[in-house]
Amino acid sequence: MLLGEHEHTLDDKNRLTLPARFRQAFAEGIVVTRGMDGCLHAYTPDNWAALVQGRLATLDPLSKEGRRMQRTTTSRSGIAPPGGSSSPRSKGVRSMLPNVLQPSATDHVPVLAAEVRESLAVRPGQTVVDATFGAGGHAALLAADLQGHGKLIAIDRDPTVRTYFERLEKRSGVQARLLRGDFGVVLPQLASNGVQADAILLDLGVSSMQIDRPERGFSYSVDAPLDMRMDGSQELSAREIVNEWDERELTSIFRRYGEERYARQIVRAIVRRRKETPYERTGELVDTIKASIPAPARFGEGHPAKRVFQALRIAVNDELGSLEAALPAALEMLRPGGRLAVISFHSLEDRIVKQFLREKERGCTCPPDFPVCVCGHEPELRAIERRPIRPGATEVAANARSASARLRAAIKAGGDE
Ligand SMILES: C[S@@+](CC[C@H](N)C(=O)[O-])C[C@H]1O[C@@H](n2cnc3c(N)ncnc32)[C@H](O)[C@@H]1O
């Protein structure tokens with residue numbers, strides 16, 4: 001039974017409240033799940049039991065899908081205590097919702113995991129650099145390939161990954177180090193200190209944990225402070241860009257990084273509104289975006305704020321600048337025969353990776369009409385596949401966020417492959 005939808009806000013302790021009109025329906029308790037779209041779905045215990053039973057009845061309990069369904073329906077939902085004097089209903093509801101939102105380590109499903117593993121072909125005794133550690137999903141697999149012998153260097157600019165790192169460090173049995181910082185800075189530092197690696201991975205963008213923590217402000221689906229910093233100690237945040245960057249700069253980033261067709265209209269509306277009241281929250285920006293684009297464009301191409309949010313996130317974290325600085329440093333660090341793998345999630349990143357690999361794959365750079373080579377350039381890399389590797393339908397069905405992933409991998413020249 002659909003009771004309705006509610007666009008919620010977070011209070012200053014990051015709690016969500018259920019509007020009064022829904023509370024009566026949840027007098028017996030509440031089951032909340034988080035969908036692939038990041039939205040919360042609330043069910044009464046009876047509705048939920050019927051839904052789960054109905055779904056499980058159609059599945060073979062020993063099949064992969066059946067096992068997945070049993071796992072998710074029993075472990076990814078929570079039943080709040082029913083209202084009562086010792087646990088007032090609103091308090092019970094409030095104390096549960098953030099737990100549903102708080103992702104666990106198992107929440108992050110590494111994208112193209114088998115393909116990354118195959119492309120990097122890590123062997124015992126090697127040194128692996130995971131430059132985008134996140135929840136350590138890929139790192140755990142690569143560390144397992146080291147079979148207890150070798151080194152793992154993990155990098156992430158987000159300090160909150162430390163918990164995941166400590167967990168992996170205990171379990172992996174390999175020598176592991178976490179370096180906090182921007183890979184566009186850390187990789188060049190490692191390269192200039194002569195650190196060498198056999199395999200380097202960059203799994204670009206934000207992690208599920210960052211998107212799913214509403215207070216980080218990456219999501220347009222939940223009202224939260226306008227932030228979007230991967231590294232909370234950085235000064236520049238989305239709030240500053242939206243309130244302080246001039247009209248031309250804002251239009252340019254919405255066009256370049258978000259490919260937003262209505263950039264000019266949206267920016268005009270932002271500039272008009274911020275003169276009166278500065279933007280503080282994502283919800284205020286979403287409202288402006290929705291109101292500035294023609295009604296038909298609000299439907300059909302995903303959420304109307306998706307492109308502007310992507311653009312702001314890229315600008316806040318200078319994602320393209322970091323990537324451009326990281327790639328040559330990664331190549332320098334690789335030993336001959338070492339491997340580089342990069343997963344990108346949008347065409348701007350993929351274009352940078354593709355052009356870099358093409359340039360380093362080319363040997364001679366002399367003009368085509370030169371009869372003999374005078375530049376003496378040798379290829380520095382060899383791409384493992386000509387085209388980017390994309391996730392299959394099964395992976396996309398299980399993890400919607402993998403849909404736009406593209407993996408490119410290459411081997412550094414000069415070694416036995
Ligand atoms: C897509 S997630 C990686 C997930 C990881 N592969 C896993 O399996 O758990 C990207 C991670 O890279 C980090 N990151 C993104 N850009 C970065 C940069 N320029 N420097 C360092 N870390 C960065 C983010 O903070 C995030 O934790």
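**Sheet, helix packing and ligand shell in a predicted model**

An open sheet of 7 strands runs in the order β6-β5-β4-β7-β8-β10-β9, with mixed pairing; strands pair if DSSP finds at least two bridges between them. Strands (E, at least two residues) and helices (H or I, at least four) are DSSP runs numbered from the N terminus. The model is predicted: local features need pLDDT of at least 70, side-chain atom pairs count only at pLDDT 80 or more, and totals for chains, interfaces and linings use all residues. Residues are numbered from 1 along each chain as its sequence is written.

- Strand β4 (residues 127–130) and β5 run parallel and are joined by 4 bridges.
- Val128 has Leu152 in β5 as its bridge partner.
- Helix α7 (residues 162–172) packs on the sheet and touches β5 and β6, its direction making about 170° with that of β6. Angles run from 0 to 180 degrees between N-to-C directions, and axes are lines fitted to C-alpha atoms, for helices over the stretch in contact.

**Helices α5 and α6**

- α5 (residues 113–120) and α6 (residues 137–145) pack at about 40°, with axes 10 Å apart.
- The two helices are therefore oblique to each other (under 35 degrees is roughly parallel, over 145 roughly antiparallel, 65 to 115 roughly perpendicular, the rest oblique).
- Ala113, Val116, Arg117 and Leu120 of α5 meet His138, Leu141, Leu142 and Asp145 of α6; contact requires C-beta atoms, placed from the backbone, within 7 Å.
- This contact has 5 nonpolar, 1 polar and 2 charged residues (nonpolar: Ala, Val, Leu, Ile, Met, Phe, Trp, Tyr, Cys and Pro; charged: Asp, Glu, Lys and Arg; polar: the others, Gly among them).

**Helices α15 and α16**

- α15 (residues 319–333) and α16 (residues 347–361) pack at about 25°, with axes 10 Å apart.
- α15 and α16 are therefore roughly parallel.
- Leu320, Leu323, Glu324, Leu327 and Leu331 of α15 make the contact with Leu348, Glu349, Ile352, Phe356 and Lys360 of α16.
- The contact of α15 with α16 comprises 7 nonpolar, no polar and 3 charged residues.

**The ligand shell**

- The ligand is surrounded by 22 residues, of which Thr132, Gly134, Gly137, Ser207 and Ser322 are the closest; a residue counts if its C-beta atom, placed from the backbone, lies within 6 Å.
- α6, β5 (151–156) and α8 (183–192) each supply at least two shell residues.
- By class, the shell holds 7 nonpolar, 10 polar and 5 charged residues.

Key. Two residues are in contact if their C-beta atoms, placed from the backbone, lie within 7 Å.
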